[in-house]
Structures are given as structure tokens and as C-alpha cells.
Amino acid sequence: MSETKEKKRKSSDDDDKKERKRAKSAEKHKLKEQLPKTDENGIAYTKLQVRKMLKRVKRGMSPIPTKQEEQELKRQEAETRKEEEAEFAGLADSLVSEKKEEDSQDSDDEKDE
């Protein structure tokens, strides 16, 4: 008896998953219809651009960012890049200084012998 209950439970879970997948696919298709296919020059958008626009539409924003939004995004990216470079430079400097300390300790140990 337990095997039949498990089979029923699995089949109902599978049906739920299939139904959720269909609903999600239908919603995605509906949102994609709202997106523009080409830019003002008649050039088709790339997959990456379409994905970004789809995310914007899901959040309730217009698919194409305004000039102000683009400037803010570029500023944030530049700030993040600078922070990462500073972290990497600091990490590289600390690694170099640790290496120098190890070398000086090794040379001190050799002198003691």
C-alpha cells in the first residue's frame, strides 16, 4: 500500500511542477511580447539586452533604461571596479610583505645556525 501512496504523491508533485513550469513559461512569453524587438536604428537587441529588459519589465520598470539610469549604472560599475582593484592591490601588497617577512625570518634562522 505504501508504494501506491508514494507513486500517487510523486505523480501529483510532478503534475504540480509541470503546471508551475507552464505558468512560468506563459508569464515569460507574455512579458517578452511587451519588449521591443529592435532599437531606434532598426538593429535587433542581443540576448543579453533582452534578458536585462525582461528583468526590468518584471520589476515594473520600462524595458529601456533612461539616460540618467544608464549614467548611474556606469557610475556604480566604475565604483565597484575601483573597490575590487583596491582590494586586489591591498591583497597583493600584503602577500608581498608576508613573503618578505618569511624570507627575512629564514635568513635570520640561517644566521643563528
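User: Which residues is Arg-56 in contact with, leaving aside its neighbours within four places in sequence?

Analyst: Contact means heavy atoms within 4.5 Å. By that rule, Arg-56 touches Met-61, Ser-62, Pro-63, Ile-64, Pro-65 and Glu-69, once neighbours within four places in sequence are left aside. Its side chain also makes a polar contact with the side chain of Glu-69, at 2.8 Å; such a contact is a pair of N or O atoms within 3.5 Å, where one must be able to donate a hydrogen and the other to accept it, and residues adjacent in sequence count only if both atoms are side-chain atoms.

Please keep in mind that this is a predicted model, where local features need pLDDT of at least 70, side-chain atom pairs count only at pLDDT 80 or more, and totals for chains, interfaces and linings use all residues. Residues are numbered from 1 along each chain as its sequence is written, and side-chain values use heavy atoms, without hydrogens and water.

User: Is Arg-56 buried or exposed?

Analyst: Buried means under 20% relative accessible area and exposed over 50%, with partly exposed in between (1.4 Å probe, protein chains only). Arg-56 is buried, at 12%.

User: Which residues of α2 are buried, and which are exposed on the other side?

Analyst: An α-helix has 3.6 residues a turn, so residues three or four places apart point the same way. Helices are DSSP runs of H or I, at least four residues, numbered from the N terminus. In α2, Met-53, Leu-54, Arg-56 and Val-57 are buried. They lie on the same side of α2, because their arc (taken from the directions from the helix axis to the C-beta atoms) is only 160°. On the other side, Lys-47, Arg-51, Lys-55 and Lys-58 are exposed.

Technical notes:
Helix = DSSP H or I, 4+ residues; strand = E, 2+ residues; numbered from the N terminus.
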